[in-house]
Amino acid sequence: MARVFNFSAGPAALPETVLKQAQAELLDFHGSGMSILEMSHRSVTYQRVIDHAEESLRSLMDISDEYAVLFFQGGATLQFAGVPMNLMYSGRAGYYISGHFAQAAWREASKYGEAVVLGSSEKSSFDHIPALGEGLDPVFSPVTWCAPDIDQSLDYAYICENNTIFGTEWHELPNTGAVPLVSDVSSCFLAKPVQMERYGLLYAGAQKNAGPAGVTMVIVRRDLISDGPALDYCPSYLDYGTQDAKGSMLNTPNTFGIYLCGLVFDWIAEQGGLAAMEKRNRSKASLIYGALDDSSLFRGTARPDSRSMMNATFTTGDAALDAEFVVEAEKHGLVGLKGHRLVGGMRASLYNAVPYEAVEELASFMQSFEADHSSACCSDRRSL
Ligand SMILES: *Cc1c(COP(=O)(O)O)cnc(C)c1O
């Protein structure tokens, strides 16, 4: 079967050239006479693979030695615990609740210390990025947190930079002053250039935009972890300082996953790096949002000022028609468009490996679906 256009939110599309390279070297890795899947992580050959992946990532993102680059297993979800266990030295951190994953991270952090809410858009179904102090019950939220600046005694301030499920994105990072900014960038990792110096820590599960499931990159300022983890019961595996000292190999890492991430990093560099990715991603996003704004059947669910460049969420407003759209789209080779089970509707994930032509196909399919369904029946349905 020909390869489809894959709009899945994760695991997601990977560059075909990367898959072909992995296929070509699967049986005999670089003349070793064995597959990389069979190789010791302590071998010289594998050490070169993980070193190369780290160097390639450092060069793409222009990461200095002030930061550690770590590879974990356990998904982004494990880092919901890893962040407070390592960084909650005084026992209090701030969280912006911008969606499901931010909320899950906040809940997890509440097990280990005081996780205060800096702002929340839950009351409007997470259709936008919350402002500082937004959505807080005045009884429970001391005014210091609603002031123009974030309380400077917090251990860190946490955001989920791109809300994969709700299709929203922080277009400007919050000003946290001297408080380290911690960001879950799982679904916008490597989508555009980053200003590393704005972050104390960022982390990303690979399966959205950087590789296969089973690898999570944590990039953390070394001075924040030099005193050891904040909580003494932090598992050794999750201790960022220890993992830094051990080159992410305290135990057996996801050898194949890290290798594949390295191939993706190289692919991005060959395409022109993060600036080239951003250019392509912006043109894909403007094509799809333009189609939504021009449509009288579909509408985007995120507030325009918060729209994500990576995950475009939309609906017809009619669950049955949404389901029909997803089924019909699949017949046209456009797959992975079903929205997250928490919100329904549709979602087109426009990660780096999704080509512009895929989005053109999607936009034109949306037009023809709309033409087929713009009879009296449906305009009536919409006005109900
Ligand atoms: C997918 C995702 C997660 C969860 O990732 P897992 O690897 O399944 O734990 C967390 N945060 C964001 C922003 C995501 O997109």
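**Salt bridges and backbone angles**

Tutor: Arg3 is exposed, at a relative accessible area of 51%, where exposed means over 50%, buried means under 20% and partly exposed lies in between (1.4 Å probe, protein chains only). Because this is a predicted model, local features need pLDDT of at least 70 and side-chain atom pairs count only at pLDDT 80 or more, while totals for chains, interfaces and linings use all residues. Residues are numbered from 1 along each chain as its sequence is written, and side-chain values use heavy atoms, with hydrogens and water left out.

A salt bridge is taken here as a side-chain nitrogen of Lys or Arg within 4 Å of a carboxyl oxygen of Asp or Glu, and by this rule there are 13 of them. One of these joins Arg3 to Glu16, with the closest N and O atoms 3.5 Å apart. Since Arg3 belongs to the segment before S1 and Glu16 to helix H1, the pair ties together parts that are 13 residues apart in sequence; helices (H or I, at least four residues) and strands (E, at least two) are DSSP runs, numbered from the N terminus. Glu16 is partly exposed, at 40% relative accessibility, and a network of salt bridges links Arg3, Glu16 and Lys20.

In another pair, Glu169 meets Lys192 with the closest N and O atoms 3.0 Å apart. Glu169 sits in strand S7 (residues 168-169) and Lys192 in the loop between S8 and S9, so this contact ties together parts that are 23 residues apart in sequence. Glu169 is buried at 3%, and Lys192 also counts as buried, at 16%. Arg303 and Asp305 form a further salt bridge, at 3.0 Å from N to O; here Arg303 is partly exposed at 36% and Asp305 is partly exposed at 48%.

Turning to the backbone, most residues other than glycine have a negative phi, and most peptide bonds are trans. Leu190, in the loop between strand S8 (181-184) and strand S9 (201-205), has a positive phi of about 65 degrees although it is not a glycine, and Leu190 is buried at 3%. Phe126, in the loop between strand S4 (114-120) and strand S5 (157-160), likewise has a positive phi, of about 55 degrees, and is buried at 6%. Finally, the peptide bond between Gly10 and Pro11 is cis, with omega about -10 degrees, and Pro11 lies in the loop between strand S1 (5-6) and helix H1 (16-24).
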